[in-house]
Amino acid sequence: MSIWWSLHLRREAASVPLARRLLIGTMETAGVDPDISYDLSVALSEACANAVEHGGDTARGGPGSEAYRVTAYLDGEKCRIEVADAGPGFPAASAGRSRPPIRPAHTDAENGRGLCLIEQLADHVHIGNKPGRGGAVVSFDKVLKWREDAAPLMAV
């Protein structure tokens with residue numbers, strides 16, 4: 001069975017725990033192992049926090065600049081999550097790279113750890129810009145494991 005949902009959220013700090021709780025609840029209902037759920041919820045929180053902080057385009061100032069979108073898919077043995085915003089996006093890729101380089105933050109830095117955490121917690125990560133209108137897209141996926149006391153959701 002597949003489960004998917006999509007949220008259109010305001011760029012406000014309160015939206016981050018909302019998205020995280022919805023993901024955790026979905027995974028708990030589906031019977032996903034709590035460690036996998038936790039990893040994905042932390043990665044989602046980091047991606048949402050980045051969209052809240054950097055995802056607006058004050059130059060355009062339109063209503064889209066105050067929102068971002070979160071989409072989650074639980075399909076078979078994998079969960080895929082995408083966070084897209086309407087901000088300026090990532091700096092243009094250089095030297096033939098398909099995405100901007102991610103550099104680890106200093107150990108005492110208060111910011112700059114989000115993308116590195118996402119890469120550590122997920123199996124596959126894609127970071128780039130939306131084609132056309134602009135904005136950043138961070139998507140990641142992870143192979144699911146199931147709780148021992150629960151069978152995965154199956155189609156009836």
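This is a predicted model: local features need pLDDT of at least 70, side-chain atom pairs count only at pLDDT 80 or more; totals for chains, interfaces and linings use all residues.

**Exercise 1. Classify Leu9 and Ala49 by relative accessibility, and place each in its element.**

Solution. 

Step 1. Leu9 belongs to strand 1, and Ala49 belongs to helix 2.

Step 2. Leu9 has a relative accessibility of 7% and therefore counts as buried.

Step 3. Ala49 has a relative accessibility of 32%.

Step 4. The contacts of Leu9, leaving aside neighbours within four places in sequence, are Ser15, Leu18, Ala19, Glu66, Ala67, Tyr68 and Val70. The C-alpha atoms of Leu9 and Glu66 are separated by 8.5 Å, at 57 residues apart along the chain.

Step 5. For Ala49, the C-alpha to C-alpha distance to Ala14 is 9.9 Å, at 35 residues apart in sequence.

**Exercise 2. Find which residues Leu7 touches beyond four places in sequence.**

Solution. 

Step 1. Leu7 is located in strand 1.

Step 2. Its contacts are Ala19, Leu22, Tyr68, Arg69 and Val70.

Step 3. Leu7 and Thr71 are 64 residues apart along the chain, and 6.4 Å separates their C-alpha atoms.

**Exercise 3. Describe the packing of helix 1 against helix 2.**

Solution. Two packed helices are described by the angle between their axes and the distance between the axes.

Step 1. The angle for helix 1 and helix 2 is about 155°, and the axes are 9 Å apart. Angles over 145 degrees count as roughly antiparallel, so helix 1 is roughly antiparallel to helix 2.

Step 2. Helix 1 and helix 2 form a right-handed crossing.

Step 3. On the side of helix 1, the contact is made by Ser15, Val16, Ala19, Arg20, Leu23, Ile24 and Met27. On the side of helix 2, Ser37, Tyr38, Leu40, Ser41, Val42, Leu44, Ser45, Cys48, Ala49 and Val52 take part.

Step 4. Sorted by class, this contact holds twelve nonpolar, four polar and one charged residues.

**Exercise 4. Describe the packing of helix 2 against helix 3, and identify what covers the buried residues of helix 3.**

Solution. 

Step 1. Helix 2 and helix 3 pack with their axes 9 Å apart and at an angle of about 155°. Helix 2 is therefore roughly antiparallel to helix 3.

Step 2. The crossing of helix 2 past helix 3 is left-handed.

Step 3. Helix 2 contributes Asp39, Val42, Ala43, Glu46, Ala47 and Asn50 to the contact, and helix 3 contributes Gly114, Leu115, Leu117, Ile118 and Leu121. By class, the contact consists of seven nonpolar, two polar and two charged residues.

Step 4. Gly114, Leu115, Cys116, Ile118 and Leu121 are buried in helix 3. Their cover includes helix 2, strand 4 (124-129) and strand 5.

**Exercise 5. Identify the residues that touch the most other members of the largest nonpolar core, and the elements that supply this core.**

Solution. 

Step 1. The core has 35 residues, and those touching the most other members are Leu40, Leu44, Tyr68, Ile81, Val83 and Phe140.

Step 2. At least two residues each come from strand 1 (2-10), helix 1 (15-30), helix 2 (34-54), strand 2 (67-75), strand 3 (78-85), helix 3 (114-121) and strand 5 (136-143).

Step 3. Helix 2 gives the largest share of this core, with nine residues.

**Exercise 6. State the overall pattern of the protein chain, and how much of the chain is buried.**

Solution. 

Step 1. The protein chain has three helices and five strands. Their order along the sequence is β-α-α-β-β-α-β-β.

Step 2. Of its 156 residues, 40% count as buried.

Step 3. Among contacts with a separation of 6 or more, 66% join residues 24 or more positions apart.

Key. Residues are numbered from 1 along each chain as its sequence is written. Side-chain values use heavy atoms; hydrogens and water are left out. A nonpolar core is a set of buried Ala, Val, Leu, Ile, Met, Phe, Trp, Tyr and Cys residues joined through side-chain atoms within 4.5 Å. Buried means under 20% relative accessible area, exposed over 50%, partly exposed in between (1.4 Å probe, protein chains only). Helices (H or I, at least four residues) and strands (E, at least two) are DSSP runs, numbered from the N terminus. Contact means heavy atoms within 4.5 Å. Axes are lines fitted to C-alpha atoms, for helices over the stretch in contact, and angles run from 0 to 180 degrees between N-to-C directions. Angles under 35 degrees count as roughly parallel, over 145 as roughly antiparallel, 65 to 115 as roughly perpendicular and the rest as oblique. A crossing is left-handed if the near helix is turned anticlockwise from the far one by less than a right angle, and right-handed if clockwise. Ala, Val, Leu, Ile, Met, Phe, Trp, Tyr, Cys and Pro count as nonpolar, Asp, Glu, Lys and Arg as charged, and the others, Gly among them, as polar.
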